[in-house]
Amino acid sequence: MGILGLSKLIADVAPFAIKEADIKTFFGRKVAVDASMCLYQFLIAVRSEGAQLTTVDGEPTSHLMGVFYRTIRLLENGIKPVYVFDGKPPDLKSGELAKRAERREEAKKALEKATEAGDEAEMEKFNRRLVRVTKEHSNEAKELLKLMGVPYVDAPCEAEAQCAAMVKAGKVYATATEDMDALTFGSSLMLRHLTFSEARKMPVKEYNYEKILKGFELSKEEFIDLCILLGCDYCDSIKGIGPKRAIELITQYKNIETIVENIDTKKYTIPDDWNYQVARDLFINPEVKNAEEIELKWTDPDEEGLVKFLCGDRQFNEERVRNGARKLLKSKNSSTQGRLDSFFKVLPSSAPSPKRKAEDSKKNVNKKLKSGSANRGRKPK
C-alpha cells in the first residue's frame, strides 16, 4: 500500500518537488530497484499486454520476462540497476498482511461468480487482485540476475528501507519503486515508473525528499507523523482525517501526541491500542544492512547459462535470449560519457529562514491545496 494519498498531496502542496523526465536523463546513474514491486508489476503488466509466458507445466514466467527485457532496457540507457529484495516483514505489518489475505479470498469468490457469468472484464479485474509475488518468484529472479551479471541485495526486512539507506550512503543515486513509503524512510530521491514498459510511454517521475519537506514546511519527524496519519502498512490511522486535514493538524500541532490531545475524539475515532509510536520508530530506525559495507559489481553476462535457464522448460526463444545477452555485454563494455555534475562539488543551500507561526503555515497549506486543485489539468504555458 505504501502511504495512502501521499503522491496526490505532494502534487498539490509541493509540485516543485516532482520532476518528470525521460529514462535517458538517468544515464550514468546507479539505482536501487524495489524488486518485489517490479515482480508484481511484471506478473500483471506482461499478462495484460497479451504476452504471457508459461513453463511447460503452465507456471507463469512473466516475472522473468520482465526482469530480463526491462533490465536490458535500463542498461542500454546507461542506468546501472541493483535489485533489492524484501526480507522478513516486521511484526507490525502482520495486520496489513492479514487484510490483504482477506481481500484475496474475497477476490477469489468474486472471480468465481464472474467466471460463471462469463464477464471477461470482471474476470480480468479479479485475476489481477489475486496476483502475488512468492518466494519462488523472487528466487528465480535472483538466479536470472546472477546470470545477467546484475547485482542484487537481500534486505533483512523492508526493501524500501534498504534502498533508502543505500541512497543516503551515496551507494546509489535514487530508489526506484511505486511505493511512496521510500520517502518516509528518507530516500533523498525516489523514481516512479522507471521499470514500466516502453510501450506505456509514461515519463519517469523523480521525487525530491528535501524539496517535499520544504514545501510542506515540516521536519523529517513531522513528515513521518504525517505519513502515519495518512495511512501506512504498519498501523491504522485516525478515522475521519483525510490528507488535507492531516497536514493541517501536523502543521499546527507538530506531532501525533499533541494532535490526539487536541482533536475532537467524538468526530475523529482514534484506533484502540494505537501503536503509532512503534510505526514511527520503524520509519526512523528500520532494520537494514550497513549500506557502507554493501559491494555492488556488474559483471559479464553468462550467455550459455541464460539460454539454459530461460529456454527449454521455460520456453523462451533462444535467439531472443542470445540477442539479449549480446545487448547486456555491449552495454557493460560501452564507455558511458561521464555526467557533468560528477566533476563539480554540490554546495549546500543557504540555511532556511525560521518557520512561520502555526496559523500562517496553516493558511499557506490551505492556499497551496486550493491552488493545486485549481491548476491540475491545465497545460503549462
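Hi everyone, let's start with the overall build: this protein has 16 helices and seven strands. Those are DSSP runs, numbered from the N terminus, with at least four residues (H or I) for a helix and at least two (E) for a strand.

A word on where this comes from. The model is predicted, and local features need a pLDDT of at least 70, side-chain atom pairs count only at pLDDT 80 or more, while totals for chains, interfaces and linings use all residues. Residues are numbered from 1 along each chain as its sequence is written, and side-chain values use heavy atoms, leaving out hydrogens and water.

So what is the average pLDDT of the protein? The average is 84, and 74% of the residues score at least 70; pLDDT is the predictor's confidence in each residue, from 0 to 100. Please be careful with two stretches. Over residues 123-127 the pLDDT stays under 50, and the model has 10 contacts for them beyond four places in sequence. A contact here means heavy atoms within 4.5 Å. Residues 343-357 also have a pLDDT below 50, with eight contacts beyond near neighbours in sequence.

Now the whole protein. Of its 381 residues, 47% count as buried. Buried means under 20% relative accessible area, exposed means over 50%, and partly exposed is in between, using a 1.4 Å probe and protein chains only. The protein exposes about 20600 Å², and carbon and sulfur atoms supply 49% of that. These areas come from the Shrake-Rupley method with a 1.4 Å probe, and for residues only the protein chains shown count as cover. Among contacts between residues at least 6 apart in sequence, 73% join residues at least 24 apart.

Ile18 lies in strand S1, residues 18-21. Ile18 and Tyr207 are 189 residues apart in sequence, but 4.8 Å apart in space, C-alpha to C-alpha. Leaving aside residues up to four places away in sequence, Ile18 touches Ile10, Ala11, Lys205, Glu206 and Tyr207.

Next, the inside. The largest nonpolar core has 54 residues, and Phe68, Tyr83, Leu144, Met148, Met166, Leu194 and Leu306 have the most contacts inside it. A nonpolar core is a set of buried Ala, Val, Leu, Ile, Met, Phe, Trp, Tyr and Cys residues joined through side-chain atoms within 4.5 Å. Which helix gives the most to this core? That is H3, residues 62-76, with seven residues. A second, separate core has 45 residues, including Ala164, Ile212, Leu218 and Tyr268.

Is Asp34 buried or exposed? Asp34 is buried, with a relative accessible area of 2%. Beyond four places in sequence, Asp34 touches Val84, Ala159, Glu160, Cys163, Ala176 and Thr177.

On to the rings. A pair of aromatic rings is described by the distance of the centres and the angle of the planes. Rings of Phe, Tyr and Trp (its six-membered ring) pair if their centres lie within 6.5 Å; planes under 30 degrees apart are stacked, over 60 edge-to-face, and the rest tilted. That rule gives eight aromatic pairs. In one of them, Phe216 and Phe223 are tilted, with 6.3 Å centre to centre and 40 degrees between the planes. Both of these residues, Phe216 and Phe223, are buried. There is also an aromatic cluster formed by Phe185, Tyr234 and Phe283.

The charged end of Arg314 sits over the ring of Phe309, 4.1 Å from its centre. The rule is that NZ of Lys or CZ of Arg is within 6 Å of the ring centre and within 35 degrees of the ring normal. Phe309 itself is in helix H14, residues 303-310, and counts as buried at 12% relative accessibility. Likewise, the charged end of Arg29 sits over the ring of Tyr173, 4.0 Å from its centre.

Last stop, some backbone angles. His193 has a positive phi, near 75 degrees, and is not a glycine. Where does His193 lie? In the loop between strand S6 (189-192) and strand S7 (204-208). Glu217, also not a glycine, has a positive phi of about 55 degrees, and lies in the loop between helix H9 (209-216) and helix H10 (220-230).
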